[in-house]
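Student: I have a model open and I'm new to it. Could you walk me through how to read the places where chains meet?

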Number of protein chains: 4
Amino acid sequence: MNQDLIEKIIKFRDERNWDQFHNPKDLAISISIEAAELLETFQWSGADLEKSDKLDNMKEEIADVLIYSILLAEKLNLDISEIIEHKLKKNGEKYQKDKAYGTSKKYTELR
Amino acid sequence: MNQDLIEKIIKFRDERNWDQFHNPKDLAISISIEAAELLETFQWSGADLEKSDKLDNMKEEIADVLIYSILLAEKLNLDISEIIEHKLKKNGEKYQKDKAYGTSKKYTELR
Amino acid sequence: MNQDLIEKIIKFRDERNWDQFHNPKDLAISISIEAAELLETFQWSGADLEKSDKLDNMKEEIADVLIYSILLAEKLNLDISEIIEHKLKKNGEKYQKDKAYGTSKKYTELR
Amino acid sequence: MNQDLIEKIIKFRDERNWDQFHNPKDLAISISIEAAELLETFQWSGADLEKSDKLDNMKEEIADVLIYSILLAEKLNLDISEIIEHKLKKNGEKYQKDKAYGTSKKYTELR
């Protein structure tokens, strides 16, 4: 994650004195709320899995999910690249290339 | 967002031939599912807004939210820095510094 | 909502002395978590909007969403039939039959 | 669940010819969206776990969660009392009274 961008997000928060509201629990709640707003783009879309006419909405909601995730990571003193690399490693063990190749099954159902 | 990291995530997906499942609607669903797993860290925590004993879980779930958000952005050919900067600008108009200072009210309730 | 059933749910909670954890905020969190577990049934289903092979999972997750919703309503001293009838009335004003007929548009986009 | 009320909900849907949009996947998505709107009542509430000033909002969002859950159950030909009783039975096995008494631990952590 680009450090400049992270600092812009922190600055936005601090210029409004919002850090006082940003406890981890409410930040996690906020990520869920924004994720649901992203999902709303696809409500009633049926088998249209793209909804290209709503791309502008999607952009904004993905951005909101990312912004709150970055704010939570910052609050918890986490390095974003580090936690992602760590998770990819762990996922790689659960979903080994040969067993997981071309299947969407959950790791608990793979053999 | 660090380009190297994005490429690692894409590589992880492609080594498993998972791109075929990654339509925007199911990626948006996946972001909501991971956001809820993050939220589960705080279930029944009451007024404990930190849950420091669950930090390892949080790390993994924040990483999952970020990974799927990055995969959705990639699928839609979005530049992550660009959509975040665009959203900060828009939020800055809705939440002007002087009016939004030190309040958690929604922009529709500010004046 | 059948009063007998509500009482069974309350009894289940009280036999485990769980009322102490059931504040409204954590119950709302729990509803979101169960809703996401229901959604997981459809993760990666693409244009298959039914997932008939996962009906047993769906049953359990719908039940969990209902159970926590009933517990939250009870905690807030709400009558379930009353709040549903009130909401249907309000929705009927936002989505008038002639304007909303056969369209999935949001009320803000109807005219 | 009161049969009259269920029929009112079905009638509301059918008078608008909305059944065509109500596939299980989009109904599950809708439940998640409404659950997140309920959660929004508690966003930034911190250690205030009640938010009594937002009770009217809560009522409406709980009603929306219930309405979509009932619509999904109807779509899948499920009897609501039956699936709830079945789930309580299953939960009773995972959370036995003596082991689960007064603890909010997940069943995987109980012994």
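**Where the chains meet**

Tutor: Let's begin with buried area: chain B and chain A bury about 5,900 Å² between them, and carbon and sulfur atoms give 72% of that. Keep in mind that this is a predicted model.

Student: How many residues does the contact take from chain B and from chain A?

Tutor: Chain B puts in 63 residues, and chain A puts in 63 residues as well.

Student: How many salt bridges are counted between chain B and chain A?

Tutor: For a salt bridge, look for a side-chain nitrogen of Lys or Arg within 4 Å of a carboxyl oxygen of Asp or Glu. Between chain B and chain A the count is eight. One to find on screen joins the side chains of A:Lys8 and B:Glu85, at 2.8 Å from N to O. Polar contacts are counted too: 20 residue pairs across the interface of chain B and chain A, with both residues at pLDDT 80 or more.

Student: Which helices of chain B supply at least two residues each to the side that touches chain A?

Tutor: Go along chain B and you'll meet them: H1 (3–15), H2 (24–40), H3 (55–75), H4 (80–94) and H5 (97–100). H3(B) gives the most, with 13 residues. Sort that side of chain B by class and you get 34 nonpolar, 16 polar and 13 charged residues.

Student: How many residues, and what buried area, go with the contact of chain C and chain B?

Tutor: Chain C gives 19 residues and chain B gives 19 residues. The buried area there is about 1,500 Å², with 67% from carbon and sulfur atoms. To see who does the burying, pick out C:Asp26, C:Ile33 and C:Trp44: they supply 39% of the area that chain C buries against chain B, more than any other three residues. Between these chains the rule finds zero salt bridges, while six residue pairs are in polar contact, both residues at pLDDT 80 or more. Helix H2 (residues 24–40) of chain C brings the largest share of the side that touches chain B, ten residues. By class, that side of chain C has nine nonpolar, seven polar and three charged residues.

Student: Last one: how is chain A divided into domains?

Tutor: Domain 1 covers 3–78 and domain 2 covers 80–111. Taken over C-alpha atoms, the centres of these two domains of chain A are separated by 25 Å.

Key. Residues numbered from 1 in each chain as written. Chains lettered and ligands numbered in written order. Predicted model: local features only at pLDDT ≥ 70, side-chain atom pairs only at ≥ 80, totals over all residues. Heavy atoms only, no water. Contact = heavy atoms within 4.5 Å. Buried area = accessible area lost by both parts, 1.4 Å probe. Polar contact = N/O pair within 3.5 Å; in protein donor to acceptor, adjacent residues only side chain to side chain. Helix = DSSP H or I, 4+ residues; strand = E, 2+ residues; numbered from the N terminus. Nonpolar A, V, L, I, M, F, W, Y, C, P; charged D, E, K, R; others polar. Domains from an automatic or database assignment.
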